[in-house]
Amino acid sequence: MMKYFFLPLLLWFTLNACNSGQQRKTYRIGFSQCTGADEWRRYMLNEMNRELTFHPNYTLLYQDAGNSTDRQISQIHSLVDEGIDLLIVSPNETSTSITQAVESVFKKGIPVVVIDRKIETESYNAYIGADNVEIGRMAGAYIGNLLNGKGRIVEVWGLPGSSPAQERHRGLREALTRYPQVQISKELNGQWEKDTARRVAAAHLSDLKAADLVFTHNDVMGLGVYEVSKAAGLDKQLRFVGIDALPGPNAGMQFINEGILTASFLYPTGGQEAIETAVRILEGKSVKRDNMLNSIQVDASNIRALKAQTDKLLAQQYDIEKQSRRIDELTRTYSTQRNTLYLTLGSLVIVLVLGAWALYLVREKQAAYRKLEKQNAEILEQKDKIEAVSKQARLATEDKLRFYSYISHEFNTPLSLILTPTEDLLTKKNVSPHELKSSLSLVQKNAHRLLRLVNQMLDLRKTDAGKLVLKASEQDIVAFARDIVQDFRRKADKQRIDLQFITARPELMVWFDGEKLDKVLFNLLSNAFKYTPKGGLIHLLLDVRDNQVMIQVQDNGEGMTPEEQAHAFDLFFSGTKPFNLGNGLGLALSREFVSLHQGYIDVQSEKGKGTTFTMLLPLGNTHLAPEEMAGTPLAHTPMALPDIEEVPKKLVPASGRKGTLLVVEDHDDLRQFLVSRLSDEYEILAEPTGEKGWERILEAVPDLIISDIMLPGLDGLQLTQRTKTDFRTSHIPVILLTAKGQMEHRIEGTRAGADAYIAKPFNTTHLIETIRTTLANREKWQRRMNTDFVSQSGNRQEKKFLNELTALIEQNLTDNSYGVEQLSRDMGLSRVQLYRKVQALLDMTITDYFAQIRLKKAKYLLKESTRTMAEIAYEAGFSSPAYFTTFFKQHTQQTPSEYRRSPSVNA
Ligand code: FRU
């Protein structure tokens with residue numbers, strides 16, 4: 001991470017290093033100036049700065065002492081402290097103290113350049129200045145000549161302690177020696193300053209008055225004295241000569257041009273030369289120790305030319321300075337822009353690096369995210385797998401449970417049919433031979449059935465374990481199939497079923513396992529018989545198609561729904577139909593057997609039209625392994641299809657029977673057994689399905705219903721519920737019969753409104769006892785209902801029925817023509833239904849009930865009204881008062897009049 005921040009910094013330093021490599025070493029030049037207050041010193045500084053523009057690696061540290069020697073000394077020391085590389089000094093005075101200060105600098109190894117004024121030491125590297133003695137001489141010679149060798153001079157000195165003042169004076173004196181009549185009449189101290197000069201001049205006006213000429217050590221003092229003289233009116237008498245002849249405004253050349261000064265002598269500042277010398281020293285080059293600058297005389301004779309020249313020069317210098325400033329500005333701008341560029345570049349690099357870093361992080365994140373997603377997907381996949389496995393396990397468990405439940409159901413019915421007749425025979429004292437034979441054949445048939453079930457289960461177990469092996473041999477399949485069909489002949493005749501074996505082939509040799517194919521065909525035919533009604537047809541067709549033998553078992557029975565068809569061969573399918581051997585174990589096993597033959601079995605069916613099972617077996621034996629052809633031809637042994645006498649559905653009621661019972665049971669044997677066992681005591685009606693049972697209930701209104709729970713289509717629970725919620729039938733008690741002993745079925749049965757519940761295999765005595773108790777309970781209830789027709793608590797449907805019935809009868813009591821016919825129509829019932837219902841609820845006929853209500857009304861009117869007998873008879877619906885009296889006496893053992901008179905009677 002850190003490297004991304006160091007990288008731009010590194011770049012930054014590299015760029016700067018390259019840049020400074022191109023730059024030269026920088027120097028600091030200290031400049032101690034005695035004063036900066038006048039034009040001449042300003043001019044000197046300008047020259048220096050101008051020269052420095054050619055040396056950008058030099059900087060000038062400038063100090064102005066303001067004419068103070070002490071200040072100058074301390075400033076020199078502070079410049080040294082600031083770390084200057086060279087000192088330029090223009091000393092205020094030639095004093096010892098300044099000299100010592102300069103010497104100490106020089107001794108520290110800092111080069112020293114002395115400019116203009118001198119010091120009393122050799123401790124400096126170079127001196128730059130004009131020859132002041134010579135300038136003094138030039139001035140003396142000029143004055144002597146100007147005064148034509150005779151006259152008086154007032155000399156105004158610069159600072160007497162400074163070398164130029166001393167040397168100029170000396171030069172003047174020397175030159176004047178040649179003009180003995182020219183005398184210096186007065187020497188005044190102007191200290192190089194205009195104001196000081198004015199002051200001393202004003203103080204010595206008398207000396208000025210007596211003089212012809214004023215010589216000042218510089219031009220500015222000359223101006224000062226001139227102004228004082230002019231004010232005193234001496235300006236016409238005096239002539240003024242100065243030194244410096246500085247160009248530009250307010251300076252010597254200007255004064256000469258204006259006629260203030262007669263002449264002046266050029267005293268160059270030496271600023272440019274001082275910098276040039278300093279640079280040479282610092283660059284290690286040799287310099288001249290004393291550099292004398294030239295002077296010239298400036299007066300009216302050359303002032304114009306000089307002034308023009310110097311003005312031009314100044315203007316040029318001004319331009320140069322301007323351009324230099326511009327260059328500085330540009331340099332600064334360039335430097336700023338360069339820095340900005342560097343900064344921008346640096347920032348750009350940082351941004352790029354950060355961007356790259358962010359990109360890297362995003363990539364990392366995406367990669368992590370992808371990894372996570374992959375892991376997620378894997379986890380989800382695993383979860384799905386686990387779920388699938390657990391679902392499979394759950395389904396397997398459910399299948400297993402369903403299988404157990406199915407097996408127990410399948411075992412219970414034949415067991416019931418073995419146990420029940422056996423118990424019956426054991427309990428009876430006298431058994432007729434016919435009854436004995438019939439019971440034993442029922443036992444035998446169901447024992448066979450159990451055996452078949454057990455064998456099928458063992459076979460299935462073998463297919464599951466992969467232990468079932470084909471033992472094929474070459475046999476005539478036509479004869480084989482014909483024999484099996486023959487076994488069903490008797491059954492078909494009994495049920496008036498058109499059973500046919502249809503084939504065009506007299507013989508067909510096929511490799512097959514006789515034992516297994518026998519089971520398959522037996523199963524398919526049993527199945528067809530199960531679902532084909534009396535008078536239907538069952539055909540077995542045999543033919544050859546595409547080198548395969550095709551066997552079809554067709555029936556025109558009830559057929560299957562598409563869903564039932566799709567699962568016909570599934571072992572545990574629990575679709576709309578409950579399991580049974582015909583379409584449970586048997587078909588599942590048949591498919592396994594056919595597969596062993598490398599054959600194929602399928603079913604086509606249409607609900608209500610019939611079913612066709614088609615089986616294809618390959619011809620020849622090339623498809624079989626040698627060990628699969630080890631079978632021996634098995635002669636078909638006719639299947640034992642025991643039979644018991646069919647019991648007619650409806651038995652003629654025997655006199656003395658205690659009521660009508662309806663048995664709804666799909667298992668033919670069990671149904672028939674129940675019918676035969678119960679018909680001694682009751683009138684028995686029997687139906688094989690819930691739908692048919694319901695039709696029979698509506699039509700016959702039985703006294704009690706015994707129904708199996710597991711019925712195809714409308715099951716026992718639904719039938720109970722339908723019976724108990726329809727007010728035409730709601731009074732009929734229901735006993736549910738089933739192989740299922742589980743609690744939930746009891747609860748379901750109770751919820752549906754069942755009155756009793758009997759688990760298979762059942763004990764006949766227990767069943768008969770339950771029937772008796774249920775009917776006795778019903779009777780008790782009837783009596784209660786009868787005592788007070790409608791007010792008693794009971795089934796809501798019953799109360800509603802009785803309320804409606806009683807209301808209709810009371811409303812129509814006076815209408816003689818209103819009878820049972822009209823009443824049943826008004827109640828939405830048939831006559832039989834009304835009759836049965838009333839009989840069942842109130843244990844009396846509907847006619848009796850009419851009479852009861854008339855009687856009740858009559859009793860009420862007799863007690864609560866003063867109407868005549870005839871009126872009461874009419875209102876209570878009796879055809880005549882005579883019949884009323886007879887009827888009343890018959891039922892109450894009192895005449896109506898006696899009843900009216902009796903003290904207290906319960907209504
Ligand atoms: C300026 C000045 C000049 C003169 C020089 C002598 O300060 O007075 O006018 O020539 O100094 O040092």
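Okay, housekeeping before the tour. The model is predicted, so local features need pLDDT of at least 70 and side-chain atom pairs count only at pLDDT 80 or more, while totals for chains, interfaces and linings use all residues. Residues are numbered from 1 along each chain as its sequence is written, and side-chain values use heavy atoms, with hydrogens and water left out.

Let's start with the whole chain. The secondary structure comes to 30 helices and 24 strands; those are DSSP runs numbered from the N terminus, with helices being H or I of at least four residues and strands being E of at least two. Of the 907 residues, 47% count as buried. Buried here means under 20% relative accessible area, exposed means over 50%, and partly exposed is in between, using a 1.4 Å probe and protein chains only. A contact means heavy atoms within 4.5 Å. Take the contacts between residues at least 6 apart in sequence: 71% of them join residues at least 24 apart.

Now, the ligand. Which residues are around it? They are D38, W40, R41, D116, R117, P164, R168, W192, N218, D244 and Y267, where being near means having a heavy atom within 4 Å. That shell divides into 4 nonpolar, 1 polar and 6 charged residues. For the classes, Ala, Val, Leu, Ile, Met, Phe, Trp, Tyr, Cys and Pro are nonpolar, Asp, Glu, Lys and Arg are charged, and the others, Gly among them, are polar.

Look at the aspartates. D244 has a polar side-chain atom 2.3 Å from a ligand oxygen. For D38, a polar side-chain atom sits 3.0 Å from an oxygen of the ligand, and an N or O atom in the side chain of D116 is also 3.0 Å from a ligand oxygen. A polar contact, by the way, is a pair of N or O atoms within 3.5 Å. How much of the ligand does the protein bury? Taken alone the ligand exposes 310 Å², and the protein buries 98% of that; these areas come from the Shrake-Rupley method with a 1.4 Å probe. Helix 2 (39–52) and helix 6 (163–176) are the elements that give two or more residues to the shell.

On to the cores. In soluble globular proteins, nonpolar side chains tend to be buried together. The largest nonpolar core here has 48 residues, and I477, L521, L525, L540, L542 and V549 touch the most other members. A core is a set of buried Ala, Val, Leu, Ile, Met, Phe, Trp, Tyr and Cys residues joined through side-chain atoms within 4.5 Å. Helix 16 (residues 514–531) gives the most to this core, with 8 residues. Leaving out residues up to four places away in sequence, L521 touches F480, A481, I484, L540, I551 and M615. Apart from that core lies another, of 44 residues, including I128, I143, L172 and A263.

T612 lies in strand 19 (residues 610–618), and it counts as buried because its relative accessibility is 15%. N257 lies in helix 10 (residues 252–257), and at 41% relative accessibility N257 counts as partly exposed. N257 and A300 are 43 residues apart in sequence, yet their C-alpha atoms are 7.3 Å apart in space.

Terms used:
Polar contact = N/O pair within 3.5 Å; in protein donor to acceptor, adjacent residues only side chain to side chain.
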